[in-house]
Amino acid sequence: MVLNSISVAFVLYLALLGATFFTRAEKLNVAAGTPVFLRCRSKTDNDSPTIIWKYNGKLLLKKMNDIIFKGERTVSYMLKDEKTFSLELRKAEPGQYACYEDNTQVATYDIEVWKVTGSKSGYLLQGDTLKLHLSPVKDARIEWFEPRKTKVTGNEPRWKLEKDSLQILNLTVQEDNGIWECHIFPYKVHVSYNVNVLGFSNPLDEFQFATFNSSSILSCPLNIDPEGKSDQEIPQIQSSKWLKNNIHMKEHNNTNRSIYQISNIHSEDAGQYQCHIGFKHRILIKTINLIVVKVSAIPPMLKSKEDNVTLCGHISSSAPPLTELCWVYVNDSTTQPKCGSPISENKFCHVATTEGLWRCDLKVNNDVKISIDYILGKTLNETTLENRFSLIKIASGIGAMLLLLILVGVCVPTCKRIKQKQQQAKKMAQIKQHLLAKRTCQCQRDLPIDYYHT
């Protein structure tokens, strides 16, 4: 009897152990916000079993006699297949999901949801600090990747890598705005977090170049236009102003508050300009250094071929590093540019002895930012003398031609008259000779042949 009891107990233990092994929970590691598909594996031959889904021990969904009953709406789900009673969790919540068929547990899922949270939500202003935190961590190994898919090593000056978090200092639009990813090992889960940074489209500090008497437009556009968006999370602009060398500038008629226009630029317009855009909690500031470039020549023109002119390129305000001014003789492409740094005296000069077109280039790190042309000519006196000399030569040529024409006009008629007179004299001589011969013949005919008279 005791032996039979022990045998029955052992069989029940094996059955319970088999059932426990069969319904062993399946571990699922998913990223927050991603859908999950759960299948209830039915093994019975009953056409109308009673099927129940439970979430953390509470009724979620029940099918009995082909009628579906819904329990507590603690998670967002969708019944995908009534025959297999499979569920799709639109946004998985952590916990245990169990499926029962006729009071027999046939499927169990333990879901671990990994998510990244930020110390600040919504849109952040350029220059803010953000801390991204991953949960849960346990024994996981994590790697962070910035929006350009470059791995964060911890050696970056603005990105502070910690065990379960990443701190981003002095947020910038250019490097930090976008989707950050956290890769979790050994679970092969990728969790993303969208960092929205509101700031200037261009770098904070920049240089702008303009020529003397020209016009220039200074701008500080934002990467997002808050006034054109209806998103409640986007901070709204409270104020805006422009400063030059820390002095507030008068308002101008431009409707765009991020643009300031300067016309007919002179040297005194050079300097440091600041665009201030104010929000509820902080002000964004962008600095623009305006550099004005002009050229001069002493003397302004060449006096003679042996003389020279000093061509100078001038810059107003402090130039950026690796700046140089270059003079190029445009009329001869084989001539090498003459370059020099304007840092010491804010100018660079070159002695020129050849007239023609010269060009002054301002280069930053070998990149031409602005160019000014200068035509070098000769002085007015020498030009006038050369013009007079040219006129004399032209007049002499014209006079010689006229004299030749006059001579031809006089000589030709004279020669014709002389030739005509000669022809007339010749004809007269011929006529006289002819008349004389005729008279002689007549006299001979008039004499009678009378030897008596003789």
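Q: Is C182 buried or exposed?
A: C182 is buried, at 0% relative accessible area. Buried stands for under 20% relative accessible area, exposed for over 50%, and partly exposed for what lies in between, with a 1.4 Å probe and protein chains only.

Q: Before I go on, what kind of model is this?
A: It is a predicted model: local features need pLDDT of at least 70, side-chain atom pairs count only at pLDDT 80 or more, and totals for chains, interfaces and linings use all residues. Residues are numbered from 1 along each chain as its sequence is written, and side-chain values use heavy atoms, with hydrogens and water left out.

Q: How far is the sulfur of C360 from the closest cysteine sulfur?
A: The distance is 8.0 Å, to C326, which is too far for a bond. C360 is buried too, at 2% relative accessibility.

Q: How many disulfides does the structure hold?
A: Four, where a disulfide is a pair of cysteine sulfur atoms within 2.5 Å. With the bonded cysteines of the chain numbered in sequence order, they pair 1-2, 3-4, 5-8 and 6-7.

Q: What does C40 join to?
A: C40 is bonded to C99, S to S 1.8 Å. The torsion about their S-S bond is about -75°, so this disulfide is left-handed. C40 is in the loop between β2 (36-38) and β3, and C99 is in strand β8 (residues 95-101), 59 residues apart. Strands here are DSSP runs of E, at least two residues, numbered from the N terminus. Both cysteines, C40 and C99, are buried.

Q: And which hand does the C220 and C275 disulfide have?
A: It is right-handed, because the torsion about the S-S bond is about 40°. The sulfur atoms of C220 and C275 are 2.0 Å apart. C220 lies in the loop between β18 (216-219) and β19 (239-244), and C275 in strand β22 (residues 271-278), so the bond ties together parts 55 residues apart in sequence.

Q: C312 and C349, where are they in the chain?
A: C312 is in strand β24 (residues 309-316) and C349 in strand β27 (residues 347-352), 37 residues apart. C312 is buried at 5%, while C349 is partly exposed at 29%.

Q: Switching to rings. How many aromatic pairs are there?
A: A search of the whole structure finds six. Rings of Phe, Tyr and Trp (its six-membered ring) pair if their centres lie within 6.5 Å; planes under 30 degrees apart are stacked, over 60 edge-to-face, and the rest tilted. One of the pairs is W53 with Y109, centres 6.4 Å apart and planes at 25°, so it is stacked. W53 sits in strand β3 (residues 51-55) and Y109 in strand β9 (residues 104-118), 56 residues apart. W53 is buried at 0%.

Q: What about W114 and Y187, how are those rings set?
A: Their centres are 5.5 Å apart and their planes at 35°, so that pair is tilted. W114 is in strand β9, and Y187 is in the loop between β15 (178-185) and β16 (189-198), 73 residues apart. W114 is buried at 1%, whereas Y187 is partly exposed at 29%.

Q: How do β15 and β16 pair?
A: Antiparallel, over seven bridges; two strands pair if DSSP finds at least two bridges between them. W180 stands opposite Y193 in β16.

Technical notes:
Helices (H or I, at least four residues) and strands (E, at least two) are DSSP runs, numbered from the N terminus.
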